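My notes follow in the order I looked things up.

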Amino acid sequence: MSALPILAFFFGHWFLSAFCQSFFLHRYCSHTQFTMSRFWERFFHLFTLCSQGSSYLNPRAYAVLHREHHAHSDTEEDPHSPHFFREVFSMMWHTRRVYFDLKDGRREVPAGLAGKLPRWDAVEAIGGSWIFSLACMAGYTAFYVAFAPSAWWYLLLPVHFLMGPVHGAFVNWCGHKYGYRNFHLDDHSHNTFPVDVLFMGECFQNNHHRYPNRSNFAVKSFEFDILYPVIRGLDRVGIIRLKLESA
C-alpha cells in the first residue's frame, strides 16, 4: 500500500493549521495587520475550527496570550519564554494553563490588551468541547487505519491531535533561542530560518518583534515569508484590506 495518502493528509493538515494560526489567529486577531468584513472574519474563524480540529485555539484567548507575550517578551511575565523553563514541555504546559485561564475567565486581562476581538460563541463552544476533539481524533485515526501502509505511521497521530500546540512549541522555543538576529532588542528573539516554509513565516521572531504590525515578517533580501504573497493576493481581490505599514 502506498504512503502517499498519509503524506498528503499529514502535510495538508500541517499547512492548513499553520496557515490559520499565522493568518487568522496571529496576524489578524492578535495584531490586526489587516481588516476584513464580518462575513470573511466568520469564514476564516470556521476555517480555523475545521483546520485545527482537535487542537482548535480560541481566537480571543490566543490573541490576549500573544499580546502578553509581546508586552513582557522573555521576562518572568512572558507566558511562553523558553528562558525560564528547562525544556519545551514544561514551557508549553505553563502556556496551556495561562491560555485556559484566559479562555475560561480565571485570569484578569491586562488593561489595553483586550481590544476588539473576534467572537463567535457557537463555533467557540464547538471547538472547546471534548466531544468535538474526540470526534476529530477518531476521524484522524480512521484515516490512518484505512490508508497507513504499516502501524509505524500511527506515530504521526499525536501530531495531528495537537497540531496547534506543536506549531506553537517549535516557534516559541526555537524562535527565542536559535538562529540569527537582524535587530538588537531587549528580548531574545531570533530568526530561526532565512526561508520559513513549514511555519508560514512564524519563525522570523526577531523581525516580528521589531515590527509587530508589519504583515511581511521577512525583512532582509535573503529572507522569504511564504504567507506574505498570499496576504497580498487576498488584499488585491478585496477579501482583506492591508493597513499602511512602517518599514
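**Salt bridges, then pockets**

I began with D104, which forms a salt bridge with R106; their closest N and O atoms are 3.2 Å apart. The model I am reading is predicted. R106 counts as exposed, because its relative accessibility is 55% and the cut-off for exposed is over 50%. D104 is partly exposed, at 41% relative accessible area.

I then checked D104 for another partner. The side chains of D104 and K103 also meet in a salt bridge, at 3.3 Å from N to O. K103 counts as partly exposed, with 29% relative accessibility.

How many salt bridges does a search of the whole structure find? I get seven. One of them joins E124 to R60, with the closest N and O atoms 2.5 Å apart. This pair links distant parts of the chain: E124 sits in helix α5 (residues 121-127) and R60 in helix α3, 64 residues apart. Is E124 buried or exposed? E124 is buried, because its relative accessible area is 7% and buried means under 20%. R60 counts as partly exposed, at 22% relative accessibility.

**Largest pocket**

I turned to the open spaces next. The largest pocket has a volume of about 1100 Å³. I count 40 residues in its lining, and L57, R96, L162, G164 and P165 lie nearest the centre. Two or more lining residues come from each of α1 (4-30), α3 (59-71), α4 (88-103), α6 (130-147) and α8 (163-174). Which element gives the most? That is α4, with nine residues. By class, I find 20 nonpolar, 17 polar and three charged residues in this lining.

**Second largest pocket**

The second largest pocket holds about 250 Å³ of space. Its lining has 14 residues, of which Y28, E41, K116, L117 and P118 lie nearest the centre. I see at least two lining residues from each of α1, β1 (34-36) and α2 (38-52). The largest share is from β1, with three residues. This lining divides into six nonpolar, three polar and five charged residues.

**Surface patch**

Last, I looked for nonpolar surface. L7, F11 and L198 make a nonpolar patch of about 240 Å². I placed L198 in the loop between β2 (195-196) and α9 (205-210). L198 is partly exposed, with a relative accessible area of 40%.

Conventions. Residues numbered from 1 in each chain as written. Predicted model: local features only at pLDDT ≥ 70, side-chain atom pairs only at ≥ 80, totals over all residues. Heavy atoms only, no water. 1 Å grid on protein atoms, 1.4 Å probe; cavity = no way out; pocket = protein on both sides within 12 Å on 5 of 7 lines; lining within 4 Å. Points joined across faces, edges and corners; volume = space filled by probe spheres on them. Helix = DSSP H or I, 4+ residues; strand = E, 2+ residues; numbered from the N terminus. Nonpolar A, V, L, I, M, F, W, Y, C, P; charged D, E, K, R; others polar. Patch = residues over 30% accessible without salt bridge, like charges linked within 9 Å, V, L, I, M, F, W, Y side chains within 5 Å. Areas by Shrake-Rupley, 256 points an atom, 1.4 Å probe, with all protein chains shown as cover. Salt bridge = Lys/Arg side-chain N within 4 Å of Asp/Glu carboxyl O. Buried < 20%, exposed > 50% of the residue type's maximum accessible area, 1.4 Å probe, protein only.
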